[in-house]
Amino acid sequence: MSLDEALLTEAGETPEPERTAPPPQREPAKTHQRLATVVVVVMSVLWALPVFGFFVTSLRSKAAAEGSGWWTVFVHPSLTFSNYINVLFHGGANIQGGGLFPYAMNSLAIAIPATIIPIIVASMAAYSLSWVRFKSADTVYFIIFGLQVVPLQMSLVPLLQLYSHGAHIGGFPIFPNLNLHGSIAEVWISHTMFSMPLAVFLLYNFIAQLPNELIEAARVDGANFLYIYRRVVMPLSLPAIASFAIFQFLWVWNDLLIGLTFSAKSASAQPLTVQLQQLSGTFGSHLELLTAGGFVTIIIPMIVFFSLQRYFVRGLLAGSVKG
Amino acid sequence: MNLLTTSLDKLLGVLEAVGGFVAILAFLFWLAGKVRGRFERPLANILLLGPAVILLLVGLVIPAIRTIFLSFRGQYVIGPDVKYVGFANYKWAFTDPHTLHTLERTAEWLVIVPLVSTVAGLVFALLVDRMKFQVIAKSLIFMPTAISFVGASLIWKYVYQYRAPGLPQIGLLSEVAMKLGWSHPPNWLLSSPLNTFLMMVILVWIETGFAMVILGAALRSIPDDVIEAARVDGAKGWRLFRSVQLPMISSTVTVVIITIMTATLKIFDIVYTITGGDFHTDTLSNEMYSQIFQDFNNGRGSALAVVLFMAVVPLVTVSILRLRKERYA
């Protein structure tokens, strides 16, 4: 079984293969089994408890959250939803103007183009390298593939300078000053550029293995290369595109470093994670807002995680070398 | 309804960006579609490959080369005092006591987090197999991989909250410690080196799910008859694991360890969110950020970026090659 298939099984997509029944358990095996159950239960509880406590606190009033631990809620249950309304629309604590909602919009406005545009650009490149072909196509692919080793930290300073000053050779501008100045565009363009090596690599793996007959047949029918890309290659690549899209969307949504670096000049372009990071300084005074705000950022990844687990697992594996 | 209009504005901006991009492409495709014969193929290639190549050059290749140059320059890389300083920044990175501690701490992260997460993930994958509620248990362990590092850091910072003994406690860790009879627990995140280990817990919490999924899949891909044969020969429990299962998944274990190592090396968000690198918790990636954006020393920051790059290269190379082999196996 290949790794991919194994992961499919993991996500519960294909039924578990038939297994021969385990040999009848003897006495010592039974105590082992009990010990195993205890370990599994303890670990699961340990893993879930911090998130659970965080969630419970987001539903308590300010006085309650600061006056007692969240576990006392079981003795004196009193829950409210107002923290979410406050943190989303009214703000308070360190959140500038009107709550977190505008920043959630920023996160979306960054994550959507930073997911769609890499898909288009990378699938075009992958198709060119695998099907249209030219003399040194394999070399070009190998270089792009190899660029995965460059950590994005290597690009931060020069890119920042490029965005704010443009590029010049001997006083002659070869790249204009885009005047983006810490805008949303600066953030998503950076994400798009950093995603390229992984996106091309993943989509190439898939597109190169599309059935030869389909593409040849279209060619014989007189379709040009670009038509084949739109009508044959794109539709057939959807499974690979879905895996990459989910990975990339979550990566961008969860990112802190790029958002922090490229929106430093204007707070109004900051994604949710950057705002939330700044909130962490208010632990003493606004615990109820902090936990509610934290949960707001977690909700979207959670929805993706529980509804699209199959693609999530594959994307996670494929993207595990990114960064 | 200011909120509504600004939100609509932003989403319209998205539509403009994506729509504009697609429209330009469609127009170029239409134009190039008219060309037939000798030039069709080269033109198609330029159009298809061009955008990716430009993005890679502008965003990755040229900046990375420039960073290497910057690492040999002084503090300010633009303006009249651009100065070539040779290896001074690297010398600083490997002799300055503060940076040395940072590197040492990064090495600790690099050893402890991958090992602990891999072992925890493997143990869980082995034990949970064929258990009754395994889907729920696995989801709970796997869930943190979807949460952002910032979110995870806040969740755990809450667990580690300190209050003077005598006051009602709000941090889970203090409460448990005091219930267990430790009457004066320390201020967790301010006491070094404890704070570094507490931050490692966060990354372990996240990466264990990854290890569990990958290793669980590898364990299940061992053919049943191999396991059966070993059982018939009397191998059970630990011996079955040690002499049959572990050797058969050893290459996957390597991939998992190396992948987590790469993620650990680049970790920035956790330290930045929890302590900002204060109280002796700095790591390489974090120190690089502080050099550039807090001390405005681009030369030193760039040198640290190059050090990070050098450390990542062997790890990523091994893991990509393994992954590739696995894919085509």
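Helices here are DSSP runs of H or I with at least four residues, and strands are runs of E with at least two. The model behind these views is a predicted one.

**View 1. Chain B, a helices-only fold.** With those runs counted, chain B comes out at 13 helices and zero strands. Its radius of gyration is 26 Å, well over the 20 Å the globule rule gives for 329 residues, so chain B is more spread out than a compact globule. The C-alpha trace covers about 70 × 55 × 55 Å along its principal axes. Take the contacts in chain B between residues at least 6 apart in sequence: 64% of them join residues at least 24 apart.

**View 2. Helix H8 of chain B, with its bend.** H8(B) runs for 27 residues and reaches 38 Å from first C-alpha to last, close to the 39 Å expected at 1.5 Å a residue. There's a bend of about 30 degrees at B:Glu207. Since 22 of its 27 residues are buried, H8(B) is largely enclosed by the rest of the structure.

**View 3. The cis peptide bond at B:Pro193.** Going from B:Ser192 to B:Pro193, the peptide bond is cis, with omega near 0 degrees. Most peptide bonds are trans. B:Pro193 sits in the loop between helix H7 (172–179) and helix H8 (194–220) of chain B.

View 4. B:Ala152 belongs to helix H6 (residues 149–159) of chain B. Is this residue buried or exposed? It has 24 other C-beta atoms within 10 Å, and 20 or more is the mark for buried, so B:Ala152 is buried. Leaving out residues up to four places away in sequence, B:Ala152 touches B:Pro144, B:Ile147, B:Ile202, B:Trp205 and B:Ile206. For B:Ala152 and B:Ile202, 50 residues apart along the chain, the C-alpha atoms are separated by 7.0 Å.

View 5. Most residues other than glycine have a negative phi. A:Arg133 has a positive phi, near 65 degrees, and lies in the loop between helix H5 (101–132) and helix H6 (137–146) of chain A. With 12 C-beta neighbours inside 10 Å, A:Arg133 counts as exposed, because the cut-off is 12 or fewer. Over in chain B, phi of B:Phe296 is positive too, near 50 degrees. B:Phe296 is in the loop between helix H12 (284–293) and helix H13 (298–328), and it's exposed, with 10 other C-beta atoms within 10 Å.

Note on methods: Residues numbered from 1 in each chain as written. Chains lettered and ligands numbered in written order. Predicted model: local features only at pLDDT ≥ 70, side-chain atom pairs only at ≥ 80, totals over all residues. Contact = placed C-beta atoms within 7 Å. Expected span 1.5 Å × (residues − 1). Bend = angle between axes of the 7 residues up to and from the residue. Rg over C-alpha atoms; globule rule 2.2 N^0.38 Å.
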